[in-house]
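Take a look at the chain below. We will walk through its elements, its core and a few of its loops.

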Amino acid sequence: RAIRSSAPTAATASSPRCGPLASEPMAALTWPDPLPQYGPVRLRPFAAGDLSLVAELAADPYIPLIGTVPAAFTRTAGAAYLERQHQRLRDGQGWSFAVTDRETDQAVGGAGLWLQSGATATAGYAVAPPYRNHGYATAALRALTAFAAIRPDLARIELLIEPANLASIAVARRCGYQEAGLVPAHTEIAGRRREMLRFVAHVLR
């Protein structure tokens with residue numbers, strides 16, 4: 001997929017469904033104050049008024065394949081998706097943010113930071129089709145990375161991106177992430193396990 005308005009600016013997190021290891025104690029997580037922001041975006045908790053964003057994400061043929069956005073949008077499915085994003089914080093898995101325009105608070109996508117073992121977190125992001133090519137994905141990843149840098153328990157942030165997703169690879173590189181190798185048969189997408197490129201950023205304090 002080339003970098004164009006229809007290209008999916010999205011990276012998977014490994015995985016939004018998995019948080020710290022079950023044997024590890026999970027400290028209570030809270031939303032950051034102030035909320036992360038960079039350039040044109042602010043990251044905030046999802047709100048009930050973001051149902052239209054869920055519908056826009058669901059309309060993309062790729063995004064529902066790499067996360068839990070419902071492939072067939074209904075108001076009930078959309079509301080359940082929004083609730084899952086808050087539940088992940090309560091469960092200690094990490095933070096699932098709406099990516100919003102700082103001036104209008106319009107939700108344009110989603111971004112998440114998920115705690116793994118060994119001072120590592122995985123990040124993921126997606127921008128809905130109507131809002132691509134405005135710098136939102138790059139700004140969201142920069143805001144997410146800066147938020148990770150203030151967490152004393154984190155030293156390394158990883159992204160996992162399909163090799164064909166050139167738009168997302170460009171975002172990762174613009175934000176200073178370094179390619180760290182190909183992971184074979186890592187993520188199941190559309191019923192088939194796909195190889196993923198791993199990108200890494202080390203937290204600088």
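Start with a term: a residue is buried when its relative accessible area is under 20%, exposed when that area is over 50%, and partly exposed in between (1.4 Å probe, protein chains only). This is a predicted model: local features need pLDDT of at least 70, side-chain atom pairs count only at pLDDT 80 or more, and totals for chains, interfaces and linings use all residues. Residues are numbered from 1 along each chain as its sequence is written, and side-chain values use heavy atoms, with hydrogens and water left out.

Now the overall layout. The chain holds 4 helices and 9 strands. Both kinds of element are DSSP runs numbered from the N terminus: helices are H or I with at least four residues, strands are E with at least two. Read from the N terminus, the order is β-β-β-α-α-β-β-β-α-β-α-β-β. The chain has 205 residues, and 51% of them are buried. Contact means heavy atoms within 4.5 Å. Take the contacts between residues at least 6 apart in sequence: 66% of them join residues at least 24 apart.

Next, the inside. A nonpolar core is a set of buried Ala, Val, Leu, Ile, Met, Phe, Trp, Tyr and Cys residues joined through side-chain atoms within 4.5 Å. The largest one here has 52 residues. Trp-95, Leu-113, Tyr-125, Ile-157, Leu-159, Tyr-177 and Phe-199 have the most contacts inside it. Helix α3 (residues 136–149) gives this core its largest share, 9 residues. What does Leu-113 touch, beyond its neighbours within four places in sequence? Its contacts include Trp-95, Ala-121, Leu-144, Phe-147 and Ile-157.

Trp-114 lies in strand β5 (residues 107–115). Its relative accessibility is 4%, so Trp-114 counts as buried. Trp-114 and Arg-88 are 26 residues apart in sequence, yet 9.0 Å apart in space, C-alpha to C-alpha.

Now turn to a pair of helices. Two packed helices are described by the angle between their axes and the distance between the axes. α3 packs with helix α4 (residues 166–174) at about 45 degrees, and the axes are 9 Å apart. Axes are lines fitted to C-alpha atoms, for helices over the stretch in contact, and angles run from 0 to 180 degrees between N-to-C directions. Angles under 35 degrees count as roughly parallel, over 145 as roughly antiparallel, 65 to 115 as roughly perpendicular and the rest as oblique. So α3 and α4 are oblique to each other.

Which residues of α3 and α4 meet? Ala-137, Thr-138, Leu-141 and Arg-142 of α3 meet Val-171, Ala-172 and Arg-174 of α4. In α4, the buried residues are Ala-167, Ser-168, Ile-169, Ala-170, Val-171 and Ala-172. After α4 comes Gly-176, with a positive phi near 90 degrees.

Finish in the loops. Pro-34 sits in the loop between β1 (10–11) and β2 (37–38). A cis peptide bond joins Asp-33 to Pro-34, with omega about 5 degrees. Asp-105 belongs to the loop between β4 (94–101) and β5. Asp-105 is not a glycine, but its phi is positive, about 65 degrees. Is Asp-105 buried or partly exposed? Its relative accessible area is 39%, so Asp-105 is partly exposed. Ala-119 is in the loop between β5 and β6 (120–127). Its phi is positive too, near 60 degrees, in a residue other than glycine. Ala-119 has 31% relative accessibility, so it counts as partly exposed.
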